[in-house]
Number of protein chains: 2
Amino acid sequence: MTKVTEVSSEERLRSSGLRPTRQRVALADLIFAKGDRHLTVEELHEEAVVAGVPVSLATVYNTLHQFTEAGMIRVLAVESAKTYFDTNVSDHHHFFIEGQNEVLDIPVSNIEIGNLPEPPEGMEIAHVDVVIRLRRKRERS
Amino acid sequence: MTKVTEVSSEERLRSSGLRPTRQRVALADLIFAKGDRHLTVEELHEEAVVAGVPVSLATVYNTLHQFTEAGMIRVLAVESAKTYFDTNVSDHHHFFIEGQNEVLDIPVSNIEIGNLPEPPEGMEIAHVDVVIRLRRKRERS
DNA sequence: CTGTGTGCAAACTCTTTGCATAAGT
DNA sequence: ACTTATGCAAAGAGTTTGCACACAG
């Protein structure tokens, strides 16, 4: 058995109220096949094209946002021109490499956060993001 | 002489190797007058215009980036179309309100972060950002 | 005076939108 | 068939850039 995952993509879509169209299934497959990952619209689009699913950029945008609303993926809080989507919806954290706009998962996510503040009235915490910004260590000159 | 602050803006600029030009001083004044704050280029531009300093948008962009390089302010890690600059350069944290793209300081920043991971080879931690994403609490329907 | 900084407008990048065509149920 | 999704290209938003003019030292 190589791909047991394909089934769940369709399921996943259906149970989110999304029609399992060719494009959506293909994108979901790509997204969830390789475990947790973060990707931009462009990256996913490129992958899809390479995988022989010539989906349009606009559709990738749409699809990723639909997936986000459905809670299948989420948007990462990084300061970058591009939006990063993360397949891991749980509270976990990231390195962000300055200058390269690159996102790395933090290997063993055993960061502990204590003393979380109370959210303001009427608000609740949707997600806690810890972004550790990295810079290239300056070689002493 | 009404404004004693102007002196420090000029100083601040000079010691960062930036010429204290009219625009830079004005922007620095605006930025640092009201304590810690986070603002977008547009917001600052608007404030400047209102304050009678008709600086151009491009200059605000330039200036904020220069300030950032000089370490006077920093860029916030939030997922938003706009870039947020923060006058507080120390490690402290933020609420980010979904949908409204609004940034709030976390009042008493006594969040504790434990078990910070080692940065990858050759990299060092520039900054740790904790972004607590808030959503409007669903009124039970 | 000389070198930097500024303003303007055009260019760029990422993202969204409108509408005709195609696909799902 | 009827509804929803997709693709394309154009429009939008935020940001950057190039070059002539203006200002700081």
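## Close-up views of a predicted model

**View 1. B:P119 counts as partly exposed, at 22% relative accessibility.** Partly exposed lies between buried, which is under 20% relative accessible area, and exposed, which is over 50% (1.4 Å probe, protein chains only). This is a predicted model, in which local features need pLDDT of at least 70 and side-chain atom pairs count only at pLDDT 80 or more, while totals for chains, interfaces and linings use all residues. Residues are numbered from 1 along each chain as its sequence is written, chains are lettered from A and ligands numbered from 1 in the order in which they are written, and side-chain values use heavy atoms, with hydrogens and water left out. B:P119 is placed in the loop between β6 (112–114) and β7 (123–136) of chain B; helices (H or I, at least four residues) and strands (E, at least two) are DSSP runs numbered from the N terminus. Neighbours within four places in sequence aside, B:P119 is in contact (heavy atoms within 4.5 Å) with A:F95 and A:L134 of chain A and with B:E124 and B:I125 of chain B. From B:P119 to B:L18 the C-alpha distance is 32 Å, and the two are 101 residues apart in sequence.

**View 2. A:P107 is in the loop between β5 and β6 (112–114) of chain A.** A:P107 counts as exposed, because its relative accessibility is 66%. In sequence A:P107 and A:L27 are 80 residues apart; C-alpha to C-alpha, they are 25 Å apart in space.

**View 3. Strands β4 (residues 94–97) and β5 (residues 102–105) of chain B pair in the antiparallel sense.** Two strands pair if DSSP finds at least two bridges between them; β4 and β5 of chain B have four. Opposite B:I97 stands B:E102 in β5(B). The hairpin of β4(B) and β5(B) has four residues between the strands, and B:G99 takes a positive phi near 85° there. B:N101 lies in the loop between β4 and β5 of chain B. Phi of B:N101 is near 50°, which is a positive value in a residue other than glycine. B:N101 counts as partly exposed, because its relative accessibility is 29%.

**View 4. A:N101 lies in the loop between β4 (94–97) and β5 (102–105) of chain A.** A:N101 is not a glycine, but its phi is positive, near 50°. With a relative accessible area of 28%, A:N101 is partly exposed.

**View 5. β1, β3 and β2 of chain B form, in that order, an open sheet of three strands with antiparallel pairing.** β1 (38–39) and β2 (74–75) of chain B stand at the edges with a single partner strand each, so one side of each has no neighbour in the sheet. β2(B) and strand β3 (residues 85–86) of chain B run antiparallel and are joined by two bridges. B:V75 stands opposite B:F85 in β3(B).

**View 6. Helix α2 (residues 22–33) of chain B is mostly covered, with nine of its 12 residues buried.** The buried residues of α2(B) include B:R24, B:V25, B:A26, B:L27 and B:A28. Also buried in α2(B) are B:D29, B:L30, B:I31 and B:F32. The expected span of a helix is 1.5 Å times one less than its number of residues, so the 12 residues of α2(B) should span 16 Å, and the end C-alpha atoms are 16 Å apart, which agrees.

**View 7. In chain B, the charged end of B:R12 sits over the ring of B:F32.** A charge sits over a ring if NZ of Lys or CZ of Arg is within 6 Å of the ring centre and within 35 degrees of the ring normal. The charged end of B:R12 is 3.8 Å from the centre of the B:F32 ring. In chain A, the charged end of A:R12 sits over the ring of A:F32, at 3.8 Å from its centre.

**View 8. Chain A has four helices and seven strands.** From the N terminus on, its elements run α-α-β-α-α-β-β-β-β-β-β. Along the principal axes, the C-alpha atoms of chain A fill a box of roughly 50 × 50 × 30 Å. Chain A has 141 residues, of which 43% count as buried. Among the contacts in chain A with a separation of 6 or more, 44% come from residues 24 or more positions apart.
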